[in-house]
Amino acid sequence: MQRTLEEKIADIKETLRSKRVDKLAQFDVKNGEEDGNPYHRAYLDKTKADMGALFKKDAWADLDSWEKLCCYKISGSKGVDCDAALRSTVIYQMVFGYDSPKIEQYKQGYYQLQCREFTLHGDTMNSYNTTVHEFLRTYGHEEDRVAGFLVKVGNVWGTRNLADANWEVCILENYEYFSKIIPPAAKEFFRLYHTVGNFCPIPNRLNNPRGYNSNSKDYWDLALLCIYYDYCQGHNLKYTLEWLFKEDAGLCRDWLKNFGEGQSGWDNFVERNFLQDFVNQTDGHYGPPKELWKGHFANSVMPQKADFDQFFTNASAWIAARGIRIALAVKKVLAAEEGETGAAKATP
């Protein structure tokens, strides 16, 4: 029998209640399921359909974190969009402090939060595509390229046009090679990539403008810098909401007003979105965001050779710490709900 949305939400809350804080924080949404159907079946089916005999693994449990991410990218989020999954959206509803938010399903496996003034959609903060593909452009050709890689992406090597080549198919075809050249810190980033510490609910029209085709190339520290300047300094010659969101800058400002204005607005924005680990703290307030690598705010938007390891290390550490903050908040809400239920039952 088909369960109602309310029943699914109750099941998710029960699962969250049963998880330890660290397990809740580090849960990879790709490993989840809805209505008894594991998401990863769709990821594996699409990967096998695209790659055929070139992809020889049949069991999701046999894949490491990068291989799972590659299957997810190849599938086009066919199973579920992890940052818009029901589990993720339930957490947004519980702990991000919006007034009477309602969960809505807008298509199979995709959910959003309907608030009084905004429709909020989960967004993955720290991007995989931009940095990993740039790393392969930078380092993948320094040794002899393995068979298949040059054929598939040679025509777009060194460009920004990712639509013409399927990077993840090439990675899986030549996984032994690429897993040797990727830095160890990247593997931790892949493990944490689809955990709650890397998700944030934002107005649904702001996701694409912030993506890798924008000026910021989808770097979350640059997005935070634009928001910080808008709150705390009124303007900056370069890092403005117009630079970040273009014609949707006004929508972003309307959203930011929910958190207040000036320094107090920025402080509230940081705390409501659990971003303490992504920003500096000064004199009892939150200062500007931290750079994902040294010199990012002053130099090139894209990483140079010395920057990749810093990106993977910093992003992983901050995602992990934020995930714990969110998990603790979830546990607090669940405990309060349980206390209210117990009190109601005890009332004669």
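Visitor: Which helices and strands each supply at least two residues of the lining of the second largest pocket?
Guide: The model is predicted, with local features needing pLDDT of at least 70 and side-chain atom pairs pLDDT 80 or more, while totals for chains, interfaces and linings use all residues. Numbering runs from 1 along each chain, and side-chain values use heavy atoms, without hydrogens or water. A pocket is an open set of 1 Å grid points where a 1.4 Å probe fits, with protein on both sides within 12 Å along at least five of seven lines, and lining residues have an atom within 4 Å of a point. The elements, DSSP runs (helices H or I, at least four residues; strands E, at least two), are helix 1 (5–18), strand 1 (33–34) and helix 5 (86–95).

Visitor: Which element supplies the largest share of that lining?
Guide: The pocket has 17 lining residues, with Ile-12, Thr-15, Glu-33, Glu-34 and Arg-87 nearest its centre. The largest share, five residues, is from helix 1.

Visitor: How are helix 1 and helix 5 oriented to each other?
Guide: Their axes (lines fitted to C-alpha atoms over the stretch in contact, with N-to-C angles from 0 to 180 degrees) come within 10 Å and cross at roughly 80°. The contact (heavy atoms within 4.5 Å) includes Ile-12 of helix 1 and Arg-87 of helix 5. As 65 to 115 degrees is the range for this class, the helices are therefore roughly perpendicular.

Visitor: How many residues apart in sequence are the parts tied together by Tyr-219 and Trp-293?
Guide: Their ring centres are 5.1 Å apart and their planes at 85°, so the pair is edge-to-face (centres within 6.5 Å, planes over 60 degrees apart). Tyr-219 lies in the loop between strand 6 and helix 11, and Trp-293 in that between strand 8 and helix 15, so the separation is 74 residues.

Key:
Parallel < 35°, antiparallel > 145°, perpendicular 65-115°, else oblique. Phe/Tyr/Trp six-rings, centres within 6.5 Å; stacked < 30°, edge-to-face > 60°.
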